[in-house]
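Thank you all for coming. Please have a look at the sequence and the structure on the screen, and then I will take you through a few parts of it in turn.

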Amino acid sequence: MSQEKHHIMSYTTHLIVLGVLLILTAVSVAVTSLELGALSTLVAMLIAGVKAAIVLVWFMHLKFDNKLYTIFTVFVLVLFLLVLYVTFFDYSYR
Amino acid sequence: MEKNSEPTHVHRDDEGDKMGMWLFIFTELLLFGMLFLMYAVYRYRNPEAFYLGGKELDVFIGTLNTVILLISSATVAMSISAIQKGRKKQALLFLGTTLTLALVFLVNKYLEWGAKIEYGFYPGGEALLELGHGTILFFGLYYVMSGIHALHIIIGMALFIYVFQQIRKEKVHQTDYVWLENTGLYWHLVDLIWIFLFPLFYLIH
């Protein structure tokens with residue numbers, strides 16, 4: 001089997017990624033406690049999106065694995081957003 | 001059963017195994033995706049009730065569980081790094097830590113649900129029925145979504161126990177660790193779902 005396909009992430013990298021995720025969690029709790037109304041939900045969702053991307057790219061190894069997984073993941077995400085869009089398009093015009 | 005003439009040859013396709021796991025993860029994402037869609041529509045139609053429902057949830061316990069899951073995601077990823085480096089003891093230690101954190105998450109969930117149920121905040125509960133339609137929807141979604149998520153935590157724990165044994169018996173090792181890798185992927189999925197559940201239920205302001 002080919003050797004180069006197994007990229008080993010160091011413990012330090014894992015801890016840095018974890019640190020960033022924890023900081024983002026703290027930021028989202030702090031921002032939403034400011035009671036900014038609709039903006040608060042938007043910011044919370046954006047931060048959640050960034051956290052999810054970090055988990056996918058580093059913890060789930062999308063950065064190092066076959067690019068096919070990344071393409072599939074983006075496809076599933078686009079499919080979901082499309083369904084969300086169509087649903088709300090429907091609800092807004094009832 | 002046919003006896004193979006070459007018993008030493010074991011067929012393995014790690015990439016295929018991983019591909020299968022990813023395809024399963026996509027079906028899981030779509031399963032939760034539809035629940036998130038339901039959440040979006042109901043919240044769009046009942047913004048006040050969702051706001052009040054969110055206020056009933058404890059931000060502290062939600063944040064604590066988020067931190068627990070994030071750390072457990074890091075430790076399972078570190079367990080994979082350890083096994084790739086051939087450090088069996090460290091891999092077991094990281095995996096054991098992940099399993100413990102998963103258990104702590106469930107205990108918190110039990111305490112959280114227990115307190116809610118005691119107050120009558122459960123589907124069909126008296127305190128909940130007195131509140132409006134929107135709040136009933138909010139708590140219905142809360143129990144279904146965090147309940148299915150908790151079920152995934154339990155399945156993840158069962159997988160951790162199995163892989164832990166396999167590593168101990170050297171069945172999973174430096175050159176054959178796809179079981180650990182796929183269990184890790186599954187656990188990150190559980191983390192991924194929680195990353196969205198947390199702000200949608202606990203951080204509504």
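This is a predicted model: local features need pLDDT of at least 70, side-chain atom pairs count only at pLDDT 80 or more; totals for chains, interfaces and linings use all residues.

Two packed helices are described by the angle between their axes and the distance between the axes. Helix 6 of chain B, residues 133-168, packs with helix 7 of chain B, residues 178-202, at an angle of about 160°, and their axes are 10 Å apart. That angle makes the two helices of chain B roughly antiparallel, the threshold for that description being over 145 degrees. Helix 6 of chain B passes helix 7 of chain B in a left-handed crossing. On the side of helix 6 of chain B, the residues making the contact include B:Tyr142, B:His149, B:His152 and B:Phe160, and helix 7 of chain B contributes, among others, B:Trp179, B:Tyr186, B:Trp187 and B:Trp194. Sorted by class, this contact has 15 nonpolar and six polar residues, with no charged residues.

Helix 6 of chain B has another partner, which is helix 4 of chain B. Here too the packing angle is about 160° and the axes are 10 Å apart, and therefore helix 4 and helix 6 of chain B are roughly antiparallel to each other. Their crossing is left-handed. The contact is made by residues including B:Lys88, B:Leu95, B:Leu99 and B:Lys109 of helix 4 of chain B, and by B:Ile153, B:Phe160, B:Phe164 and B:Arg168, among others, of helix 6 of chain B. By class, the contact of helix 4 of chain B with helix 6 of chain B has 16 nonpolar, three polar and three charged residues.

Let me stay with helix 4 of chain B for a moment, and ask how far apart its end C-alpha atoms are. This helix has 31 residues, 88-118, which at 1.5 Å a residue should span 45 Å, and the end C-alpha atoms are 45 Å apart, which agrees. Just after helix 4 of chain B, B:Gly120 takes a positive phi of about 85°. The buried residues of this helix include B:Ala91, B:Phe94, B:Leu95, B:Thr98 and B:Lys116, and the buried residues of helix 4 of chain B pack against helix 3 (59-84) and helix 6 of chain B.

B:Leu95 counts as buried because it has 26 C-beta neighbours inside 10 Å. Leaving aside residues up to four places away in sequence, B:Leu95 touches B:Val76, B:Ser79, B:Phe160, B:Val163, B:Phe164 and B:Ile167.

Finally, I would like to turn to where the two chains meet. In the model, 34 residues of chain A are in contact with 31 residues of chain B. Helix 1 (11-32), helix 2 (38-59) and helix 3 (67-92) of chain A each supply at least two residues of the side that touches chain B, and helix 1 of chain A gives the most, with eleven residues. By class, that side of chain A has 23 nonpolar, nine polar and two charged residues.

One residue of helix 1 of chain A is A:Thr25. Which residues does A:Thr25 touch, if those up to four places away in sequence are not counted? They are B:Thr63, B:Thr66, B:Val67 and B:Leu70. A:Thr25 is buried, because 21 other C-beta atoms lie within 10 Å. Within its own chain, A:Thr25 is 23 residues apart in sequence from A:Ala48, and their C-alpha atoms are 8.3 Å apart in space.

Key: Residues are numbered from 1 along each chain as its sequence is written. Chains are lettered from A and ligands numbered from 1 in the order in which they are written. Axes are lines fitted to C-alpha atoms, for helices over the stretch in contact, and angles run from 0 to 180 degrees between N-to-C directions. Helices (H or I, at least four residues) and strands (E, at least two) are DSSP runs, numbered from the N terminus. Angles under 35 degrees count as roughly parallel, over 145 as roughly antiparallel, 65 to 115 as roughly perpendicular and the rest as oblique. A crossing is left-handed if the near helix is turned anticlockwise from the far one by less than a right angle, and right-handed if clockwise. Two residues are in contact if their C-beta atoms, placed from the backbone, lie within 7 Å. Ala, Val, Leu, Ile, Met, Phe, Trp, Tyr, Cys and Pro count as nonpolar, Asp, Glu, Lys and Arg as charged, and the others, Gly among them, as polar. The expected span of a helix is 1.5 Å times one less than its number of residues. A residue is buried if 20 or more other C-beta atoms lie within 10 Å of its own, exposed if 12 or fewer, and partly exposed in between; C-beta atoms are placed from the backbone.
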